[in-house]
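Please walk me through this structure. Begin at the ligand, then move on to the aromatic rings and the salt bridges.

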Amino acid sequence: MSIEKSFFGTTKDGGEVYNYDIINAGGSRAGIITYGGTLCSLLVPDKNGVLTDVLLGFDDMEGHEERSAYQGQLVGRYANRLVNGSFTVNGIKIEVTKNENGETCLHGGGELSHAVWTAEIAGENSLRLTYTGADNKEGFPGVFTAEVLYTFTDENEIIIDYRASCTEDTVINLTNHAYFNLAGFDGGDVLDHELSIDADYFTPTDKKSIPTGEIRAVGGTAFDFRNLKPIGLDIGANDEQLISCRGYDHNFCLNKRPAGAPAARVRCPRSGISMEMFTDMPGVQLYTGNFLDGEKGKGGTPVNKHAGFCLETQFYPDTPNHLNFPQCTFLRGELFVSRTSYKFYSDR
Ligand code: BGC
């Protein structure tokens with residue numbers, strides 16, 4: 001176990017960004033950069049023992065700042081969408097940034113994902129990142145403090161522990177927006193990856209990708225991932241939900257599970273790499289990289305449609321505007337505490 005620190009690059013504003021590689025006993029590595037608290041690389045063995053980087057991403061700051069689509073970044077204060085960029089707390093309507101088409105707040109306006117976080121090595125396999133956001137940043141009330149602890153274990157599990165609080169009553173929803181490709185970042189599309197999600201319901205969306213409020217059963221639909229099936233099997237189904245999003249871009253309502261049970265599993269038949277995802281959050285956004293469009297990624301590889309999949313653990317999108325969803329309002333000083341992890345295995 002060791003952690004190696006190296007200079008990564010400089011932001012447009014002149015901020016210095018560092019990479020920290022957590023290297024485990026088996027030689028697997030998790031790389032985190034301080035810009036966006038981004039999970040930047042994850043090298044785990046494939047079925048032949050070859051270390052494979054299963055994350056899409058970039059080799060330089062220009063990529064992370066200009067073309068990222070939130071790749072690997074920490075996202076908040078409110079992950080995913082808020083309709084009309086607003087929500088109500090204590091009867092007071094709060095207007096926040098409308099960074100998507102001037103209509104919707106997406107991923108908190110990029111506050112956490114575009115900030116340079118402060119890093120501190122916290123033991124031989126953990127990195128602590130901290131961020132403080134000023135009152136009214138992107139329109140969100142109160143001074144916001146977040147702490148994220150990344151731990152990479154000898155069992156090839158990357159654990160993300162989130163803690164956050166605010167000096168005002170507000171909504172909090174934090175996630176990591178990693179795009180995985182278990183055949184490697186240059187492994188083509190992920191449509192052959194087999195996926196299961198322990199969810200009997202999902203939240204359909206309107207044409208602007210905002211939940212309608214309905215909680216719909218997955219049974220008999222393309223959204224039924226209760227047993228492993230290739231991501232591409234039903235992605236082209238004649239379902240208005242898939243057509244309007246160009247693929248999956250939906251929140252799944254996770255079932256209650258026995259302690260220690262994964263919420264999702266993924267397996268790539270080509271590389272023999274599998275992943276289990278664990279979380280204490282009520283929802284997960286399955287996003288199949290529907291809007292990736294050939295942007296240059298690591299090693300100059302074009303990142304095309306469906307080149308990666310995201311499993312973004314979260315409160316459901318637009319929760320504060322849907323009282324039938326599990327709620328995410330935190331009183332001033334109250335701690336948001338959450339853990340999500342991704343554990344990797346190989347067929348060997
Ligand atoms: C959203 C997508 C969006 C992507 C990148 C996902 O969380 O659900 O609609 O395109 O993030 O911003």
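**Around the ligand**

The ligand is surrounded by A69, Y70, N80, R81, L106, H107, H177, Y179, D249, Q285, Y287 and E312. A residue counts as near when one of its heavy atoms lies within 4 Å of the molecule. This is a predicted model, in which local features need pLDDT of at least 70 and side-chain atom pairs count only at pLDDT 80 or more, while totals for chains, interfaces and linings use all residues. Residues are numbered from 1 along each chain as its sequence is written, and side-chain values use heavy atoms, with hydrogens and water left out.

N80 places a polar side-chain atom 3.1 Å from a ligand oxygen. For H177, a side-chain N or O atom is 2.7 Å from an oxygen atom of the ligand. For D249, the distance from a polar side-chain atom to a ligand oxygen is 2.4 Å. On its own, the ligand has 310 Å² of accessible area, and the protein covers 92% of that. Such areas come from the Shrake-Rupley method with a 1.4 Å probe; for residues, only the protein chains shown count as cover.

Now turn to the rings. There are 17 aromatic pairs in the structure. Rings of Phe, Tyr and Trp (its six-membered ring) pair if their centres lie within 6.5 Å; planes under 30 degrees apart are stacked, over 60 edge-to-face, and the rest tilted. Strands here are DSSP runs (E, at least two residues), numbered from the N terminus. F202 is buried at 0% relative accessible area. F223 is buried too, at 0% relative accessibility. Buried means under 20% relative accessible area, exposed over 50%, and partly exposed in between (1.4 Å probe, protein chains only).

F315 and F330 form an edge-to-face pair, 6.4 Å centre to centre with 65° between the planes. F315 sits in the loop between β27 (310-314) and β28 (329-330), and F330 in strand β28, 15 residues apart. Both F315 and F330 are buried.

Ring pairs also join F202, F223, F225, Y248 and F252 in a cluster. F225 has a charge over its ring: the charged end of K229 is 4.5 Å from the centre. K5 lies over the face of Y18, also 4.5 Å from the ring centre. The rule asks for NZ of Lys or CZ of Arg within 6 Å of the ring centre and within 35 degrees of the ring normal.

Salt bridges come next. Each is a side-chain nitrogen of Lys or Arg within 4 Å of a carboxyl oxygen of Asp or Glu. The count is 20. R77 meets E111, with the closest N and O atoms 2.8 Å apart. R77 is in the loop between β6 (74-75) and β7 (81-82), E111 in the loop between β10 (105-106) and β11 (118-121), 34 residues apart. R77 and E111 are both buried.

E103 and K208 form another salt bridge, at 3.0 Å from N to O. E103 lies in the loop between β9 (92-95) and β10 and K208 in the loop between β18 and β19, so the pair ties together parts 105 residues apart in sequence. E103 is partly exposed at 34% relative accessibility, and K208 is partly exposed at 48%. Finally, salt bridges link E4, D21 and R29 in a network.

Conventions: Helices (H or I, at least four residues) and strands (E, at least two) are DSSP runs, numbered from the N terminus. A polar contact is a pair of N or O atoms within 3.5 Å; within protein, one must be able to donate a hydrogen and the other to accept it, and residues adjacent in sequence count only if both atoms are side-chain atoms.
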